[in-house]
Amino acid sequence: MTLSERLYLPEILNGMLVTNYHFFRNLSLHLAHMMGLARNRRAATTVQYPEERKPYSDGYRGSHRLTLKPDGSVRCTSCFLCATACPAQCIYIEAGEHPDPRVEKFPLRYEIDTLRCIYCGFCVEACPCDAIRMDTYVHPRIWGFDRKDFIETKEVLMHRSQVLEQKGREGNMREMLDWYDEQARQVYVPLRPELKTWTERDEPHPWDQQPQPRAIPALDRHHQHNGGQ
Ligand code: SF4
Ligand code: SF4
């Protein structure tokens with residue numbers, strides 16, 4: 001320890017200096033931004049999610065999706081392995097007979113209670129036919145104000161695969177942000193009419209200026225590995 005470290009006071013003053021520097025710098029930049037100045041300089045070092053986001057790592061575990069067969073139907077065969085492996089017991093499956101005699105079963109209902117899910121990925125690991133994945137690159141969505149609003153149905157989980165296929169990785173995020181925007185329009189704007197949703201502002205959504213995630217890997221690895229079967 002140096003003498004100044006042993007005396008404590010200089011180090012305390014040094015720490016206060018650094019803290020105050022950042023506080024007043026950020027405060028003045030926020031004020032400048034409000035007046036339309038210095039827009040190209042960041043006012044805070046924290047990521048302002050969801051308006052901003054960092055590029056996701058390739059191993060990121062996002063919201064679930066049910067993968068699709070080439071004809072658009074669900075790939076899941078209702079084997080219940082994911083529900084058995086799930087430590088939170090948040091997967092509910094109701095199996096049904098498939099109209100095609102070559103397919104034994106399919107899920108009439110497939111639901112994930114996202115309030116109970118711990119996003120461990122065990123369901124993805126357990127699935128023998130690559131029917132469930134967590135590569136949507138979207139966070140768990142805030143669906144509503146009731147517990148049942150947070151249950152993601154088979155249709156929601158399949159829809160994510162469709163969006164991913166049609167619009168790429170950013171498609172799901174774009175849909176989520178648009179949905180939040182719509183909620184803001186319905187819930188908050190009537191209470192505070194001066195608020196504007198992003199789609200009503202003249203400026204582009206900040207998310208559109210963020211670095212985009214890396215290119216999506218092949219959508220259906222299982223399908224490719226199995227020669228399209
Ligand atoms: S991620 Fe984990 S907790 Fe969530 S549904 Fe899958 S196995 Fe269950
Ligand atoms: S998602 Fe996979 S593990 Fe779960 S029931 Fe369907 S086929 Fe089985």
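How many helices and strands does the secondary structure of the protein come to? I counted 7 helices and 5 strands. A reminder to myself: this is a predicted model.

**Entry: overall layout.** I read the elements along the sequence and wrote down α-α-β-α-β-β-α-β-β-α-α-α. Next I checked burial, and found that 36% of the 229 residues in the protein are buried. I also looked at contacts between residues at least 6 apart in sequence: 64% of them join residues at least 24 apart.

Entry: I went to helix H2, which covers residues 9-34. I wanted to see whether its length fits its residue count. With 26 residues at 1.5 Å a residue, H2 should span 38 Å, and its end C-alpha atoms are 37 Å apart, so the two agree. The expected value rests on 1.5 Å times one less than the number of residues. For burial in H2, I noted Leu29, Ala32 and His33. Just after H2 I found glycine 36, with a positive phi of about 80°.

**Entry: the sheet.** Which strands form the open sheet, and in what order? I traced 3 strands in the order E2-E3-E5, with antiparallel pairing. The edges are strand E2 (91-97) and strand E5 (151-152), each of which pairs on one side only. I then followed E2 against strand E3 (residues 105-113) and found antiparallel pairing over 7 bridges.

Entry: I repeated the length check here: the 14 residues of H5 should span 20 Å at 1.5 Å a residue, and the end C-alpha atoms are 20 Å apart, which agrees. The residues I listed as buried in H5 are Lys154, Leu157, Met158, Arg160, Ser161, Val163 and Leu164. After H5 comes glycine 168, whose phi is positive, near 80°.

**Entry: ligand 1.** Which residues come nearest to ligand 1? Of the 14 residues around it, I noted Cys86, Cys117, Cys120, Gly121 and Cys123 as the nearest. I sorted the shell by residue type and got 12 nonpolar, 2 polar and no charged.

Conventions: Residues numbered from 1 in each chain as written. Chains lettered and ligands numbered in written order. Predicted model: local features only at pLDDT ≥ 70, side-chain atom pairs only at ≥ 80, totals over all residues. Heavy atoms only, no water. Pairing = 2+ DSSP bridges. Helix = DSSP H or I, 4+ residues; strand = E, 2+ residues; numbered from the N terminus. Buried < 20%, exposed > 50% of the residue type's maximum accessible area, 1.4 Å probe, protein only. Near = heavy atom within 4 Å. Nonpolar A, V, L, I, M, F, W, Y, C, P; charged D, E, K, R; others polar. Contact = heavy atoms within 4.5 Å.
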